[in-house]
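Colleague: I'm new to this one. Could you walk me through it, one question at a time?

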Amino acid sequence: MRKNIVAGNWKMNKNAEETEDLLNDLIAKLPNDLEAQIIVAPTFVNLASAADHAEFTTITIAAQNMHHAENGAYTGEISADMLQSIGVNTVILGHSERRAYFGETDAQLAFKVDTALKHNMTVIFCFGEELKDRQDKQHFNVVENQLRDGLFHISNESWENIILAYEPVWAIGTGETASPDQAQEMHEFIRETVRTRFGSDVAEDVSILYGGSVKPDNAKEIFGKPDVDGGLIGGAALKADDFIGIINGIR
């Protein structure tokens with residue numbers, strides 16, 4: 001059965017002291033009766049301290065990226081073994097900013113997914129269409145291609161370690177707005193696309209997170225849609241009260 005999940009991607013924000021303060025705030029304010037998994041992804045330099053800090057809490061610490069190679073001459077990169085050596089077993093791959101700013105392709109992401117799965121890591125796999133794709137009515141094709149090229153080579157069993165995160169890039173910082181019904185429409189399409197390739201068991205068990213502009217005042221309506229299992233949160237995850245407000249929307 002799929003999980004409800006709320007993940008916070010902190011991106012390139014929060015120094016060491018600020019990371020500890022935010023974690024302390026979240027730990028203190030998280031509801032005790034919450035039936036959802038909470039994940040936060042600090043920047044690389046603060047991952048080790050964050051993992052130590054969250055060790056005996058219900059918060060899972062994730063990395064924002066990872067290289068596909070086990071080791072080697074890849075200056076500035078981080079391997080799966082390095083992450084696991086500090087207690088980090090979850091990684092975000094394919095985020096829209098990695099695709100847009102660093103040119104990551106579906107082929108490269110497929111290699112990263114393979115490495116993460118080889119190490120039995122949990123992957124939050126991100127994908128989604130841009131504004132032009134939606135305007136040209138190609139959004140379903142773009143999403144299907146990203147799923148196929150990045151994930152459809154893996155085994156049915158490997159889906160136990162996959163979390164999907166749909167990012168409507170066209171609705172993030174563009175002035176455009178994605179409605180809860182539009183989120184549900186795409187999430188339903190994603191689940192059916194997975195079902196067609198891997199069967200109903202995989203499709204019904206995989207969690208699909210919404211990565212559009214989720215806020216405390218719209219979280220409950222978005223999370224209430226039948227195929228939306230939570231959110232991948234950006235800016236609102238940087239303030240404990242806002243993030244807790246979003247988390248409360250999944251009740």
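Colleague: What is the relative accessible area of R2?

Modeller: Quick ground rules: this is a predicted model, where local features need pLDDT of at least 70, side-chain atom pairs count only at pLDDT 80 or more, and totals for chains, interfaces and linings use all residues. Residues are numbered from 1 along each chain as its sequence is written, and side-chain values use heavy atoms, leaving out hydrogens and water. Buried means under 20% relative accessible area, exposed means over 50%, and partly exposed is in between (1.4 Å probe, protein chains only). R2 counts as partly exposed, because its relative accessible area is 21%.

Colleague: Which side chain does R2 meet in a salt bridge?

Modeller: A salt bridge here puts a side-chain nitrogen of Lys or Arg within 4 Å of a carboxyl oxygen of Asp or Glu. For R2, the N to O distance is 3.2 Å, and the partner is E204.

Colleague: How many residues apart are E204 and R2?

Modeller: Helices (H or I, at least four residues) and strands (E, at least two) are DSSP runs, numbered from the N terminus. E204 sits in helix α9 (residues 200–205) and R2 in the segment before β1 (5–9), so this pair links distant parts of the chain. E204 is partly exposed, at 33% relative accessibility. The gap between the two is 202 residues.

Colleague: What is the N to O distance between K29 and D241?

Modeller: K29 is in helix α1 (residues 16–29) and D241 in helix α11 (residues 240–248), so their pairing ties together parts 212 residues apart in sequence. K29 is partly exposed at 35% relative accessibility, whereas D241 is exposed at 54%. Their side chains meet in a salt bridge, with an N to O distance of 2.7 Å.

Colleague: Where do E192 and R195 both lie?

Modeller: These two form a salt bridge, their closest N and O atoms being 3.0 Å apart. E192 is partly exposed at 36%, and R195 is partly exposed too, at 22%. They are three residues apart, about one turn of the helix, and that helix is α8 (residues 180–198).

Colleague: What volume does the largest pocket have?

Modeller: On a 1 Å grid over the protein atoms alone, a pocket is an open set of points where a 1.4 Å probe fits, with protein on both sides within 12 Å along at least five of seven lines; lining residues have an atom within 4 Å of a point. Points are joined across faces, edges and corners, and the volume is the space filled by probe spheres set on them. That gives the largest pocket about 540 Å³.

Colleague: Which element gives the most to the lining of the largest pocket?

Modeller: There are 30 lining residues, and the closest to the centre are H95, S96, E97, E167 and I172. Elements giving two or more are α4 (96–102), α7 (139–151) and β8 (230–233). With five residues, the top contributor is α4.

Colleague: Which phi value does N120 have?

Modeller: N120 is in the loop between α5 (106–118) and β5 (122–127), and it is exposed, with a relative accessible area of 56%. It is not a glycine, yet its phi is positive, about 60°.
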